[in-house]
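Hi,

Here is the model I said I would pass on. Have a look, and my notes follow below.

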Amino acid sequence: QSPGPPAWSRVPDSWRLLQATLLRFDDGSRYAAPCASALTWQALALHHTLATLVANREPIDQVATAMRYVANQLPTIAECVETAVVEWTGSGRLFAKARALPRSEERVSACIADRAVIVRPPEIGPVLLVARATQRQSAALAVELDRSAGHVGRQPQPNLVRALAATLHVGPSRRANHLPDHAPAAALAPLL
């Protein structure tokens, strides 16, 4: 039986799933943020730079090197998302509509009234699962792109990629492409 597609090929889907799991949460601020976060601005800047390189028909070496740089950052971004969710939950600063969380008897009245509640640590399990899978799959993408660095372009951060590669070899139960088949459904269950 084939093990399925390589982990790096699922990176876009992992990021979409992570975004979908985060949509139900709020950071607890009373007012909507006037602008996107610094992380969002950096992601947009990276996207814009790559799109410009491709649109301007820059040499393939430059585009390949820029792609490696962007891919190298993805695991760190996923780790930052996971860390923020854990910290906000631990400090009582993560909120969600009660109906968007796993059902519990103590939250029945909050569900009926469609109220926001403070998210408890056990309720972020699906988000953490998806964030960790996204981090590992993104690391697999960075390592895969590094393999072609000798042929097209260069690797702008060889030490970072070596560290990412080392994280992928921690044993069969923590493979980069190890994401249980039920994980996407579990992560989105309250949304379905």
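At what angle do helix 3 and helix 6 pack, and how far apart are their axes? Helix 3 (residues 60-90) and helix 6 (residues 158-167) pack at about 50°, with axes 10 Å apart. Axes here are lines fitted to C-alpha atoms, for helices over the stretch in contact, with angles from 0 to 180 degrees between N-to-C directions. Helices are DSSP runs (H or I, at least four residues), numbered from the N terminus.

Before you go further: this is a predicted model, where local features need pLDDT of at least 70, side-chain atom pairs count only at pLDDT 80 or more, and totals for chains, interfaces and linings use all residues. Residues are numbered from 1 along each chain as its sequence is written, and side-chain values use heavy atoms, leaving out hydrogens and water.

Back to the helices. On the helix 3 side, Asn-72, Gln-73 and Pro-75 meet Leu-160, Val-161 and Leu-164 of helix 6 (contact means heavy atoms within 4.5 Å).

Then there's Gln-155, in the loop between helix 5 (125-147) and helix 6. Gln-155 is buried, at 12% relative accessible area (buried is under 20%, with a 1.4 Å probe and protein chains only). Its side chain makes a polar contact with the side chain of Asn-72 at 2.7 Å (N or O atoms within 3.5 Å, one able to donate a hydrogen and the other to accept it). The Gln-155 side chain also reaches the backbone nitrogen of Gln-157 at 3.1 Å. Beyond its neighbours within four places in sequence, Gln-155 is in contact with residues including Arg-68, Asp-146 and Val-161.

Cheers

Definitions and conventions: Helices (H or I, at least four residues) and strands (E, at least two) are DSSP runs, numbered from the N terminus. Buried means under 20% relative accessible area, exposed over 50%, partly exposed in between (1.4 Å probe, protein chains only).
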